[in-house]
Amino acid sequence: MLSTDEIAEVTRSMRQGQRESFEAVRRYLAQDHFGSAFLAVMPTGAGKSGLIATLCQAHESGPVLVLSPRAAVCRQLATEIAGKFFSDRGVAVESLRQVDGLSGELKNGCIYVATFQKLIRMEAEALAHLASTCSLLIVDEGHSEPAPLWGKAVRAFACHKIIVTATPYRNDLFQFDIGADANYCYTFKKAIEHAVIELPDFEQCTLAEAIAHAGKFLDEHPSAKAIVKTKNLDELKRAKRLLDDAGLESLAIHERLKDDPIAGTSRSVPSDLQSQEVRVVVHQRKLDEGVDLPSAKLCILTYPVASGRELVQTVGRIVRKFEGIQPLVLDCSSSSNAKLWKNYLEFDSYISTDSGWNKFVNSLDTAKLIESYLESFPSYTYLGSSFREKFELSTLQVDQDIRVPIASVCFLGVEEDFTIEAFVDAMMWRHHQSGELARPYDSAHGFKVIASIRFESSKYLRSKLLFEPSLEIVIAKRVGEYLALFDSRSINHAGDAGLGTKQPVDSKQLFNLSARGAFTRVKETHARSISSTRKRPERVSHIGQELTPSISGQSAASYALSVTKVDNLDATSSVESSYYLSAGSGRVSDQRASALSLEALCDWVAEVVEVLEQNPLPLSPVIGAFALPIDPQSVTGPLSLTIDFTDLPPGAKAVLGAKSFAIDSTFVFLECPDWTFKIGTVELKFEYSEPERRIKFTSDAGAEMVFPDGTVRSLDEDIRTTRQTFDPDSVFSFVDNIAHGRDERFSSIEYAVIRKLIPDVDLVLCTDMGTEAADFVITSPKALCFVHIKCGKSLRPNSPAGALAEVGSQAIKNIEYLVSSDEKLPFGNEGILGSPWPSKNATYQLDHRIRFMAKDGIERSIPSTKKAYSTRVEQALATIKARRRSLGCRKEVWIVAGNSFSYGSFKKEMAKGANAKAESLQAYQLIDAWLAVSSANDVDLRIIVSP
């Protein structure tokens with residue numbers, strides 16, 4: 001800790017802005033803060049790191065926590081705090097506090113420097129202990145992370161809080177209660193006046209001109225460096241090529257590049273970048289913050305930067321004083337960045353005055369502005385044709401005063417640990433962060449109500465500010481398994497981890513509301529393609545008095561129903577109820593219920609939930625014609641069992657001892673859980689094991705199956721799956737070897753053709769079991785393939801439709817998981833993909849579902865620890881979802897029917913035309929329908945069968 005004399009010596013060595021800011025913070029720390037935080041504004045290059053270092057080492061007692069958005073920033077801050085800032089100024093400090101990275105047991109005299117991510121990932125008990133013992137919290141550039149992720153954690157700290165930022169924008173600071181007198185602003189303008197930094201010049205040019213200009217600039221200033229900021233990887237590579245062609249020594253930094261000093265590429269920012277001989281650094285958001293590169297004096301912007309904040313951070317890299325070189329920005333964005341910079345300078349000039357800064361600080365608490373606005377109204381006034389009382393949040397009686405214009409409520413699933421109190425707290429925090437004046441209420445009818453007033457800037461004004469007030473209402477109630485939620489802003493809160501909500505009510509349950517009457521009249525449907533496509537509309541809407549006759553099941557199957565409007569009719573065709581139903585948000589909008597009190601809304605919600613909780617009802621042909629994805633939240637076990645004996649040759653028998661019994665070549669259908677079947681006196685028993693997630697079967701001891709040619713097979717299970725490989729005689733093993741191609745058994749020309757269907761495979765993942773989207777996913781950067789497998793045991797299969805029907809139907813009904821553009825659409829069984837196959841409790845387990853994973857053409861080894869392997873599975877799923885969304889990645893579905901369907905038999909039967917066997921003609925019709933659906937979704941369909 002710095003002594004009094006050491007503090008005096010350090011402050012004398014500080015720049016004016018640092019010194020004045022430090023003294024202002026010390027005054028704040030010397031008194032009770034009453035929950036308010038201190039705001040310190042300092043432009044990039046003016047010494048924020050030094051201010052933070054001095055504050056930390058000068059603090060008298062207790063742990064100090066410094067939060068920063070990025071690891072690189074944390075490393076720089078930790079170095080400065082640990083002594084570099086003081087030694088650079090020639091200040092000898094006798095005893096410095098230890099600096100650590102927030103790991104291990106907390107120490108009273110330690111300074112902890114960590115990212116926001118590390119804070120929110122702490123165990124609840126450890127976080128609570130840190131919050132209760134921390135004596136000072138410093139937040140560096142808190143805008144870089146969304147406040148809901150870390151705001152709740154920060155609020156738990158009761159100590160003094162200091163927010164240090166270069167860009168004091170209102171929306172970034174709502175989450176902090178900034179005291180009216182607890183602030184200090186050292187603006188860009190003041191820093192220039194004090195010769196701390198320099199004002200850069202802006203010039204417009206093309207990228208080619210900018211590269212040429214950079215060559216001349218660097219020739220004139222041999223010790224300077226240049227920075228090129230690009231929008232994406234392709235733009236980065238183009239800039240790197242131009243720099244190489246111009247003979248400029250450059251380094252391209254991007255996480256998708258290799259660490260290759262010869263090629264001049266790196267995945268991350270080198271710690272010794274300043275000392276390297278590199279003259280130009282090309283990056284995509286790698287040098288915006290946390291990199292100390294004082295020799296950088298030229299910045300090339302290849303695209304219009306998204307926000308003023310990002311531009312200020314970017315330009316801040318080159319404004320530090322260095323050998324008298326004037327900083328220069330070359331803007332290749334048609335003056336967009338220059339205009340943003342001009343707006344920033346005007347804003348900075350405004351807050352440089354005392355009056356401008358005070359107005360800005362007061363505006364941070366929008367709630368106070370709203371209160372002042374409301375207080376200006378008289379208690380009573382005559383409006384329209386009646387007297388009205390002034391609205392006040394403090395006197396609002398929700399059961400008497402609130403009227404819901406129309407019953408439009410979302411019904412959402414909730415997490416196991418969901419509580420309505422935690423939901424309200426999270427919503428209140430979001431309202432406060434947005435600068436709204438909000439207050440929660442309890443209704444006598446079980447609702448939690450949040451009323452909030454917010455100011456919106458008028459949409460008719462481009463560069464002027466005029467606040468328009470609006471009242472927003474949130475009404476929530478836990479009813480059974482659902483959260484009934486009304487939000488006047490019509491925000492979809494489904495799947496929000498911060499609120500504890502899961503996916504909306506299952507579509508099948510939701511559409512129960514369309515089957516309440518004797519008849520259903522569908523009046524509107526709005527559907528979205530389950531795949532991006534060049535050959536058909538992305539969205540399709542049908543509106544009419546009666547849509548039942550006008551909707552084709554085949555055309556509708558390629559679209560997922562998102563919204564429908566239905567009337568439920570009684571036996572006399574009178575309308576009993578009318579709803580808008582939204583599958584994506586779980587919204588139920590009753591067209592006949594309006595101006596509801598909370599009491600009436602309570603009754604209406606109870607009525608709707610009663611219908612939702614019923615077993616799925618038969619749907620209207622219109623609604624049933626559309627594709628409905630499998631509910632990813634459902635947990636399903638087998639409902640029925642079908643035993644397929646159709647491939648057995650005539651004369652096959654079940655034999656037990658001296659007795660034999662003929663086996664009919666047919667299907668046997670069993671309802672679960674009654675899974676016992678007899679062939680004569682030979683009993684077959686089936687049982688579903690939930691822990692192992694598989695079906696087990698047994699038979700009478702000694703029972704066998706005898707074929708006409710004398711072949712004998714046991715009726716016991718024969719499983720040869722090991723912990724590393726699938727049963728070598730299984731189709732799973734066949735598919736498993738596609739990436740490796742090392743098994744001599746698969747050396748046929750046909751198998752080589754299959755392997756070439758997806759060249760450059762870099763990922764094979766077994767997704768079998770549970771609510772699966774496929775049995776395997778095989779993918780490369782240019783192709784994504786879902787593989788669906790069903791195996792028979794026939795040595796000489798024919799071509800029956802039944803051999804393809806089940807596996808093909810599974811492939812088609814899950815096609816949305818292959819083509820959806822929604823990266824957040826989860827596979828139904830994601831939760832088990834990190835576990836062994838078929839399940840973690842199975843008797844015969846395969847340890848890893850990742851069968852092959854490569855990076856840059858080199859196969860990656862399977863991690864040895866469970867945590868690392870789970871991370872690898874998450875990476876694999878992220879890759880699949882990204883490629884699912886990519887239009888440049890070809891989509892394929894493989895239907896694999898092993899030992900159950902013969903290509904030769906099918907070809908032979910099709911040559912007979914109308915005289916072909918009925919089951920083969922049915923197979924043709926199935927394939928034709930699947931091809932139509934696949935083609936409509938831009939998906940290649942391949943069917944792999946026995947010869």
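Strand S2 and strand S5 (residues 136-140) run parallel and are joined by four bridges. The model is predicted.

- Within S4, Ala-114 is the bridge partner of Leu-67.

**Burial of strand S2**
- S2 spans residues 64-68, and five of its five residues are buried, so the strand is largely enclosed by the rest of the structure.
- In a regular strand, side chains alternate between the two faces of the sheet.
- On one side of S2 are Val-64, Val-66 and Ser-68, and on the other are Leu-65 and Leu-67.
- Both of these faces are covered.

**Lys-523**
- Lys-523 is found in strand S23 (residues 519-529).
- Lys-523 counts as buried because its relative accessibility is 18%, and the cut-off for buried is under 20%.
- Leaving aside residues up to four places away in sequence, Lys-523 touches His-542, Ile-543, Gly-544, Gln-545, Leu-547, Lys-565 and Asp-567.

**A nonpolar surface patch**
- Tyr-460, Leu-461 and Leu-466 form a nonpolar patch on the surface, and together they have about 340 Å² of accessible area.
- Leu-461 sits in the loop between strand S19 (448-457) and strand S20 (467-479).
- With a relative accessible area of 34%, Leu-461 is partly exposed.

Terms used:
Residues numbered from 1 in each chain as written. Predicted model: local features only at pLDDT ≥ 70, side-chain atom pairs only at ≥ 80, totals over all residues. Heavy atoms only, no water. Patch = residues over 30% accessible without salt bridge, like charges linked within 9 Å, V, L, I, M, F, W, Y side chains within 5 Å. Areas by Shrake-Rupley, 256 points an atom, 1.4 Å probe, with all protein chains shown as cover. Salt bridge = Lys/Arg side-chain N within 4 Å of Asp/Glu carboxyl O. Helix = DSSP H or I, 4+ residues; strand = E, 2+ residues; numbered from the N terminus. Buried < 20%, exposed > 50% of the residue type's maximum accessible area, 1.4 Å probe, protein only. Pairing = 2+ DSSP bridges. Contact = heavy atoms within 4.5 Å.
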